[in-house]
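Dear colleague,

Please read them with the model open.

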Amino acid sequence: MNLARFPRIRLGHMPTPLEPMDNLSKHLGGPRLWIKRDDATGLATGGNKTRKLEYLMAEALQQGADIVITQGATQSNHARQTAAAAAKLGLGCHILLEDRTGNTETAYTQGGNVLLDLLHGAEISRFAGGTDMAAAMEARAAELKNAGRKPYIIPGGGSNPVGALGYVNAALELVNQASEMGLRIDRVVHATGSAGTQAGLVAGLVGLNSGIPVLGIGVRAPRPQQEANVLGLAQRTAAHLGLPEGTVRAEHVVANCDYVGQGYGIPTEGMVEAIKLLAEKEGILLDPVYSGKGMAGLIDLIRKGQFGPDENIVFIHTGGAVGLFAYPDIFGAN
């Protein structure tokens, strides 16, 4: 896999650290837990979308864009990182935010990621839940073209074959780090939503013949839909890389969607416990929407004996801790 043939702009601080979580491992009684710190990519407090934006923004500039358009939920980590990347590259940025939770608290609608979107100079439009956001972005792009601008549309989460290259690269990075450390990785676990992170990891790890399975902990869609979304994107990403047809198969894609709770972005008891536990045991901040629920799933599966005590499990921290400030009430801050 020759990623050097794809245009890329360096936006993040990489490689991100791969660290043991000894206190949490001891607390849970095994397996040995590790964390890949993609919350430390550096762009606007960091996060996984920065890896995707390195390829997406490079394509935008290659196509002569002067403004990027993207969409996400109100507290979208992707929107925040896109706004920061656009600011860094001197591009305009229009963000379409969809109300997926019904939360009308000021901390949620104006704080956290929304505040940072505005600080980075992005223009924001808001939409009701259930809006066809892809169509809304196309409509906005048409308006901008009519006004003489050159827009580039980035899908929600940066999740297309171009964006997923960022996590193909992360797979390469992880395998190299593990090799240098003499670490046998038995499984990679992370929160999966718009599918790009898991699709890129799967395409990369399978393409490398690493033998490392990936488990996505779903934060939004039911399992059949989530696995279908990931598989489709992973296969398109593999084709984009030039890998042989059939390289990525259905058995490579596994999602556990038992930890979504009442819906996307809606707190669960497990998520709150996971965030408090990581903060208290490891000094690491997770986020309420993605990594918090991802870690909640991992902790519950460990308690249910799903992993051997001697296994090495790597959790990909996808970032987003700034979102904690949008949910102060659930952590007793009010």
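**How helix α7 packs**

The crossing of α7 and α8 is right-handed, meaning that the near helix is turned clockwise from the far one by less than a right angle. This is a predicted model, in which local features need pLDDT of at least 70 and side-chain atom pairs pLDDT 80 or more, while totals for chains, interfaces and linings use all residues. Residues are numbered from 1 along each chain as its sequence is written, and side-chain values use heavy atoms, without hydrogens and water.

Helices here are DSSP runs (H or I, at least four residues), numbered from the N terminus. Helix α7 spans residues 161–181 and helix α8 residues 196–207, and their axes (lines fitted to C-alpha atoms over the stretch in contact) lie 7 Å apart at an angle of about 50 degrees. In contact (heavy atoms within 4.5 Å) are, among others, Tyr 167 and Val 168 of α7 with Gly 200 and Leu 201 of α8.

With helix α9 (residues 223–241), α7 packs at about 85 degrees, the axes being 9 Å apart, which makes α7 roughly perpendicular to α9. The residues that meet there include Leu 165 of α7 and Arg 236 of α9.

As for the cysteines, the structure holds zero disulfides (pairs of cysteine sulfur atoms within 2.5 Å). Cys 93 counts as buried (under 20% relative accessible area, with a 1.4 Å probe and protein chains only) because its relative accessibility is 7%, and Cys 257, at 15%, is buried too.

Best regards

Terms used: Buried < 20%, exposed > 50% of the residue type's maximum accessible area, 1.4 Å probe, protein only. Axes fitted to C-alpha atoms, helices over the stretch in contact; angles between N-to-C directions. Helix = DSSP H or I, 4+ residues; strand = E, 2+ residues; numbered from the N terminus. Parallel < 35°, antiparallel > 145°, perpendicular 65-115°, else oblique.
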